[in-house]
Amino acid sequence: MGNSCSGLAPDCEILVKTGDVKGAGTDANVYCALFNEDKTRSRDLNLDCKWKNDFEKGSVDRFKVHCGLPAGPLHKIEIWRDDSGIGDDWYVEWIKVKKFQGPDQEDEEGVIFPCNRWVKAERKLILTKYDCVLPQFDEHPEQRKEELEDKRGVYRLSRKAPGIPKQVESCPRDEHFSNDYKWNIQQTKYTLAVKCKLAKLTSDPWETLDDFGNLYKGSLNKPYVGCLSGLLQLERGHKFWAPETARLQPYSYQTLHRNPSKVTPEMVKPFLDGLTLEEAMEKKKIYIVNLKRLSDVMCRFNRVICKPMALFFSNERNELVPIAIQLFQKSADDNPVFLPSDPKYTWMMAKMYYNNADAAFHQSCTHLGFTHLVAETICVGTHRQLSPSHPVFRLLAPHFLYLLAINSLALAKLVAPNGWIDNTMTTGAGGLMELVSHSWQIWRMDTDGWLPGDLAARGVDDTEALPNYPYRDDALLIFEVIHDYVREVLEAFYDTPEKLTGDWEIQNWGHMLADPEDGLGIKGVFGGGEFTDLEDLIKVVTSIIFISSVGHSAANFAQYDEYAFPPNYPAFLRGKPPTSKEPLTEQEIINALPVKDMTLDIIIVTKILSDRGTNALGDFEVQYMYDPRGTKPCEKLRKRLLEVSDQIAERNKSRPFPYPYLDPKEVPNAISI
């Protein structure tokens, strides 16, 4: 225990939590002063515990002191430090003060002063109780203004590739992982390969499809999508390896209203459970995925990527199965429509090339563009426009944890020249970023980033026409919980319309989100970026939290299960797509697959990326919100998410293929992997 004033009986205890971020600890001299609600100020208190190294990273230090304040509730604290010591930088997570009510008695609860800031040398930082206040009611507007100006100097926006969302220019120090070694993908790859005794795989091609079974040893468990048993799994009739709606790419399917391919009713009649194509379309049983966005993509080394269209049928067994694939957009004699009735390996090859294109769109847009980069640009804009004391900042901050670090550290290595994307994906990194750029031009928050709008726009919200769609059904449960949580918090802080319209920080934030020139250029921001209706702000915040948690989980955590068996979801294919329906052989399938060392690289990286990086949704690693207007709704959030988890567990018992990726216990708070 520290005692800053020997000889006087302590009348309060001050607890200080130094943050668990890189370089957070300090050797400087630290001081504070306390204020009662009547504005009575204590004397200056030196927080120092002799014979102990105070304020180490991640530590909680306790100081029993005599502050001399009269009885009464505490209102605020003033804290500062000098620049002495070798390491004087200091990041404070929170300060808690307990006043003694009498001899050997203290206030059990105490008063919490959240900080979540760097305390700068010789600059006094004033924190009020809960530190959660709208700017128009802040007692210290100049401090707030100065802080935002400082943050804009640190969180600078930069567009790092043409047409993609703006990113942070360089990762700020308080965004870095405290344990970078955990996220060293190259080292983790090597360790995992050695552990699984796979480090000696060569660049030779595979000899048989059954050889893939030798890959899954030790930590490399068999992919969850199926009990892989070599060729038997590749001969499962006209289905893909799992029901299409349980896959990595749940955002692409659209109800078919007009057939853009040269599929004729006669071609697909045998696969429609006795319906005609027109009848199946009327019943909304036919869905299409059209990956025409790949048309203008230039692949590394002039590799060929298909630009396919595929039709799917929701059959009597409630499975969404492929019934026709056209690998390129323009009809031609060398671009036939492949069907389940084609020779076995020909149909298999068509599915592999379709999936190869689907994998390119998944990694570029569904995963990187629509979660990592969308969340990053919003995160940076939030830091630039909202004070750490703002309720919306405190609401969103847990969902940005480690986001900038993973994007700056790991993602940069994966997308770097000659990195994982270049070496294991058909497009290469350049083609991948082209796809992100094309898709970002049409991405909208009110459809692509808003679950009900997205489902309705694609025509997949009809549970009778498409009864087995686990992503839709599970995501809607969590979406409703998040939406209600956000509503309860924001309605508590904005209990009159004037509080919303008078909040210049939130108005500036909305403008930045939507502004195509100096801002982030997000299309479809609710309210057009001008928040006069609280409903629009509720939708924007709900969308951001959903993208950062549920959206990323759906796009990310099934990667190992999909990519780890290359015939199922090949990131890379050798040779050229089929141009006729001539029968192919098993050897030709093998020749198209990645060679052994590339296969290992794909498997290990997708294994790493499928690990969870942060706590489950609602269980925040760092608590930012202490105001009861936010903490009480959060308690409800956690309780309801447990109920959703039980509901999804029950659903998975009866599903032909369980869909574990959106169980709230498995959905992290933020994008940190």
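**Reading packing and pairing**

Me: What relative accessible area does Asp273 have, and what class does that put it in?

Reply: Asp273 has a relative accessible area of 32% and is partly exposed, where buried means under 20%, exposed over 50% and partly exposed in between, with a 1.4 Å probe and protein chains only. This is a predicted model, in which local features need pLDDT of at least 70 and side-chain atom pairs count only at pLDDT 80 or more, while totals for chains, interfaces and linings use all residues. Residues are numbered from 1 along each chain as its sequence is written, and side-chain values use heavy atoms, with hydrogens and water left out.

Me: Where is Asp273 found, and what is its phi?

Reply: Most residues other than glycine have a negative phi, and most peptide bonds are trans. Asp273, however, has a positive phi near 50° although it is not glycine, and it is found in the loop between helix H4 (265–268) and helix H5 (277–282); helices (H or I, at least four residues) and strands (E, at least two) are DSSP runs, numbered from the N terminus. Asn116, also not a glycine, has a positive phi of about 55°. Asn116 is found in strand S7, and at 8% relative accessibility it counts as buried.

Me: What is the strand order in the sheet that contains S7?

Reply: Strands of a sheet pair through backbone hydrogen bonds, either parallel or antiparallel. Here four strands form an open sheet in the order S4-S1-S6-S7, with antiparallel pairing; two strands count as paired if DSSP finds at least two bridges between them. Strand S4 (60–65) and S7 stand at the edges, each with a single partner strand, so one side of each is left without a neighbour in the sheet. The twist averages 15° from one strand to the next, axes being lines fitted to C-alpha atoms (for helices over the stretch in contact) and angles running from 0 to 180 degrees between N-to-C directions.

Me: How many bridges join S1 to S6, and how many pair S6 with S7?

Reply: Strand S1 (residues 12–18) and S6 run antiparallel and are joined by seven bridges, in which Glu13 has Lys98 of S6 as its bridge partner. Strand S6 (residues 91–99) pairs with S7 in the antiparallel sense over six bridges, and there the bridge partner of Val92 is Arg117. Eight of the eight residues of S7 are buried, so this strand is largely enclosed by the rest of the structure.

Me: What does Arg117 pair with through its side chain?

Reply: Side chains of opposite charge can pair when their charged atoms come close. The side chain of Arg117 meets that of Asp131 in a salt bridge (2.9 Å, N to O), the rule being a side-chain nitrogen of Lys or Arg within 4 Å of a carboxyl oxygen of Asp or Glu. Arg117 lies in strand S7 (residues 111–118) and Asp131 in the loop between strand S8 (125–128) and helix H1 (141–154), so the pair ties together parts that are 14 residues apart in sequence. Arg117 is buried at a relative accessible area of 6%, and Asp131 is buried at 3%.

Me: How many salt bridges does the rule give, and which residues are linked in a network?

Reply: The count comes to 36 salt bridges, and a network of them links Arg41, Asp44, Glu78 and Lys124. Another pair is Asp89 with Arg81 (3.9 Å, N to O), where Asp89 is partly exposed at 30% and Arg81 is buried at 4%. Within helix H12 (residues 470–493), Arg487 and Glu491 lie four residues apart, about one turn of the helix, and their closest N and O atoms are 3.4 Å apart in a salt bridge.

Me: At what angle do the axes of H12 and helix H19 cross?

Reply: Two packed helices are described by the angle between their axes and the distance between the axes. The axes of H12 and helix H19 (residues 628–654) come within 10 Å and cross at roughly 170°. That makes H12 roughly antiparallel to H19, since angles under 35 degrees count as roughly parallel, over 145 as roughly antiparallel, 65 to 115 as roughly perpendicular and the rest as oblique. The contact (heavy atoms within 4.5 Å) includes Leu477 and Tyr485 of H12 and Leu637 and Arg640 of H19.
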